[in-house]
Amino acid sequence: MSALPLTPSPSVRYTPPSIAGDYTELTPKQKELLAIASRLGREKFAPRAQQIDRDAVFPFENYADLRAAGLLGICVPEEHGGWGADFATYVMTAAEIGRHCGATALTLNMHVSSTMWTGFIADDLDMTAEQRANHEAHRAVHYARVVGQGKVYSQPFSEGGAAAAGKAPFGTLARKVDGGYFVNGKKIFASLAGAADYYGILCTLDKPGATQRDSLYLAVDKNLDGVSVTGDWDPLGMRGTVSRTLIFKDVFVPDIERLIPEGLYAQAALRWPHMFATLSPTYMGIAQAAYDFTVQYLRGEVPGTPPVKRRMYPTKQIAVAEMKVRLEQTRAIFLQNARAARVDPSKEIRLGLYAAHYTIMENANEICRLAVRTCGGQSMLKSLPLERMYRDSRCGSLMLPWTAELCIDRLGRECLYEPGEQDEQAVL
Ligand SMILES: Cc1cc2nc3c(=O)[nH]c(=O)nc-3n(C[C@H](O)[C@H](O)[C@H](O)COP(=O)(O)OP(=O)(O)OC[C@H]3O[C@@H](n4cnc5c(N)ncnc54)[C@H](O)[C@@H]3O)c2cc1C
């Protein structure tokens, strides 16, 4: 465990800024949540991050702190006992947590998504009165687990095929029977494997000719018969996510575990595209952290290292200026995207969303690369956090459904084609 002092010495004068830029534009709830995330991050998560990364273990202690602070319910509606955070409030808080421990922020996102998708996103979807009543009853059960019992949900949808990229139906199948579903399938890269209480899986209703419109979102209790965790986990970065493989073999999942009504996931994916953009805030936080570290290092203010200044060299000043330019570009697009999130966004908002997600993921890694180059050899030491940020930042643009490649793919197509348009013949 790192022994870095929590209270900076009086000679430390650099104060890392708010992840959200100008504090005066924040709502009282945003300020409160950012303050909580910042305190937990500095005092609890950052000191534990090194060991979590080294041992590739899930950050259970951090989750106990998140639970105690009520942050597991950040997007649970207020009437169900949560914070009722909207999209912008959540992503800013997530970015603040990402500054201190990437794996904690990324896994928390899987959990929070299960409350966000069933919460304000589901509120914006068209449902029949019967579906709405049914949904209210189901989500009350899930929110009571989160808020009342501190239960944690994960969100495994990747399967290794085209489904997680949104190009094919999920291969995990749910066969409808009286009172529930029998689920069979496999999920790869399942963050929180073995750690979450419930796996919020996306699967396909097992019926002839099923398409993506038949996707189902079910919560599977990790202790049910037929649920197992397999494979090892020794990756480059984001090691504390423990994203192992989940196997579901004839698992009976009761009806009450349906997180949104049958068929509604496809509507959500189409009408609320920001639902897939909640992975990038973690990487916004890592970008800020890499910049903060660089400034502190060049000023000779990194706790636990000799107070040697390197800031007087023009090459260092230019390098930091370049990092700052890229960081502010990233923050601007991050905040714009956070505030633009809504149901049925215009085409420009949708294109801006792909551009934002791509920019944050790619810039986080680039800022970390610049940080390592600027700080020099000592920054590669495992006793300092920068090399971990560098490795963690590499993972962002690999994450489905919106990898950097797939963002470019979508952007290029949607810039050039209006809905319904296609060419007679592909041009070779
Ligand atoms: C740290 C970490 C945590 C993760 N946690 C989770 C989690 O909790 N839940 C979860 O569901 N997943 C999770 N993932 C999985 C992630 O989203 C990917 O599914 C995973 O990295 C597997 O990728 P792959 O390289 O096997 O994908 P492949 O499907 O082989 O894709 C490789 C690349 O090809 C491109 N590509 C893929 N399909 C298409 C297509 N149809 N058209 C064009 N290009 C395509 C994409 O750019 C992709 O990066 C996590 C990944 C990481 C790294």
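**Ground rules.** I am looking at a predicted model, in which local features need pLDDT of at least 70 and side-chain atom pairs count only at pLDDT 80 or more, while totals for chains, interfaces and linings use all residues. Residues are numbered from 1 along each chain as its sequence is written, and side-chain values use heavy atoms, with hydrogens and water left out.

**Entry 1: two helices.** I started with H3 (residues 87–98) and H4 (residues 102–123), which pack at an angle of about 165° with axes 9 Å apart. Axes here are lines fitted to C-alpha atoms, for helices over the stretch in contact, and angles run from 0 to 180 degrees between N-to-C directions. Helices are DSSP runs of H or I with at least four residues, strands are E runs of at least two, and both are numbered from the N terminus. H3 and H4 are therefore roughly antiparallel, a label for angles over 145 degrees.

Which residues of H3 meet H4? I found Phe87, Tyr90, Ala94, Ile97 and Gly98 on the H3 side, and on the H4 side a list including Leu108, Val112 and Phe120. The residues of this contact (heavy atoms within 4.5 Å) divide into 9 nonpolar, 4 polar and no charged. Ala, Val, Leu, Ile, Met, Phe, Trp, Tyr, Cys and Pro count as nonpolar, Asp, Glu, Lys and Arg as charged, and the others, Gly among them, as polar.

**Entry 2: rings.** I searched the whole structure and got 14 aromatic pairs. Rings of Phe, Tyr and Trp (its six-membered ring) pair if their centres lie within 6.5 Å; planes under 30 degrees apart are stacked, over 60 edge-to-face and the rest tilted. Trp117 and Tyr265 have ring centres 5.8 Å apart and planes at 35°, so I noted this pair as tilted. Trp117 is in H4 and Tyr265 in H6 (residues 264–271), 148 residues apart. Trp117 is buried at 4% relative accessibility (buried means under 20% relative accessible area, exposed over 50%, partly exposed in between, with a 1.4 Å probe and protein chains only). Tyr265 is buried too, at 10%.

Both rings belong to one aromatic cluster, which also includes Phe170 and Trp402.

**Entry 3: a buried helix.** How many residues of H6 are buried? I noted 6 of the 8, so H6 is largely enclosed by the rest of the structure. Its cover includes H4, H5 (129–149), S4 (198–205) and S5 (215–221).

Conventions:
Angles under 35 degrees count as roughly parallel, over 145 as roughly antiparallel, 65 to 115 as roughly perpendicular and the rest as oblique.
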